[in-house]
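Hello,

Here is the structure to look through. My notes follow below it.

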Amino acid sequence: MLTADDPLPFRPQRVLIAGVTGSGKTTLAGRLATLWSLDHHEIDALFHGENWTPRPSFLDDVRAFASEDRWVTEWQYTSKGTDEIMTPRAQLVVWLDYPWLTVRARLLRRTLSRSILRTEMYNGNVEKPIWQVLSTRDPAQSILAWQTKTRRFWTTQMPLKRERFPHLIIVRLSHPRETERWLRAQAGASGVSIAPPKRRSRDR
């Protein structure tokens with residue numbers, strides 16, 4: 001497993017971004033798409049249809065983009081079958097393994113912002129009213145409860161994923177500052193400059 005200071009052996013063409021909800025997977029995926037000229041497929045938008053209902057074509061859509069040569073996406077919905085489709089094709093995993101207080105604060109800011117502003121995320125969906133998000137501990141009803149339930153998912157699953165998919169190069173980043181340092185290194189290796197991250201209400 002590589003760190004922020006280790007060079008990549010080659011420039012990846014197919015990338016997965018791992019991390020707990022609120023760590024910034026979608027934002028990083030977008031920045032890498034720009035840096036490496038990859039197509040960013042936001043997997044939440046493929047999964048959720050109107051009114052947060054699962055889209056029947058989800059796995060077909062995953063198969064379609066996974067068969068392409070250049071893409072980046074968030075490593076999610078493994079229980080729905082994505083590991084059998086996109087993970088064997090991926091070359092690089094960037095694991096955002098941030099401190100709990102960091103990802104909790106990020107998710108609170110994001111959830112409050114898009115709930116109050118009624119920010120549309122994808123397919124007409126908007127965040128639930130903030131009182132509903134804060135008043136329930138049901139992970140199916142509250143993104144905050146979901147984050148709590150899954151906070152250790154990648155800590156326990158990553159060793160199993162490494163064993164199952166030994167071809168993957170995995171970069172573990174333990175703080176947003178490390179991510180910025182790693183991105184600057186990739187930009188330098190590619191001979192391009194990068195812009196600082198923009199604060200988004202949709203950060204995954």
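**Pocket and salt bridges**

The largest pocket holds about 880 Å³ of space. On a 1 Å grid over the protein atoms alone, a pocket is an open set of points where a 1.4 Å probe fits, with protein on both sides within 12 Å along at least five of seven lines, and lining residues have an atom within 4 Å of a point. A volume is the space filled by probe spheres set on the points, which are joined across faces, edges and corners.

This is a predicted model, in which local features need pLDDT of at least 70 and side-chain atom pairs count only at pLDDT 80 or more, while totals for chains, interfaces and linings use all residues. Residues are numbered from 1 along each chain as its sequence is written, and side-chain values use heavy atoms, without hydrogens and water.

The lining of the largest pocket has 29 residues, and Thr 21, His 48, Tyr 77, Ile 143 and Trp 146 lie nearest the centre.

There are eight salt bridges in the structure (a side-chain nitrogen of Lys or Arg within 4 Å of a carboxyl oxygen of Asp or Glu). One of them joins Asp 5 to Arg 181, with the closest N and O atoms 3.0 Å apart. Asp 5 is exposed, at 55% relative accessible area, and Arg 181 is partly exposed, at 33% (buried is under 20%, exposed over 50%, partly exposed in between, with a 1.4 Å probe and protein chains only).

Arg 164 forms a salt bridge with Glu 84, the closest N and O atoms lying 2.7 Å apart. A network of salt bridges links Asp 83, Glu 84, Lys 161 and Arg 164.

Regards
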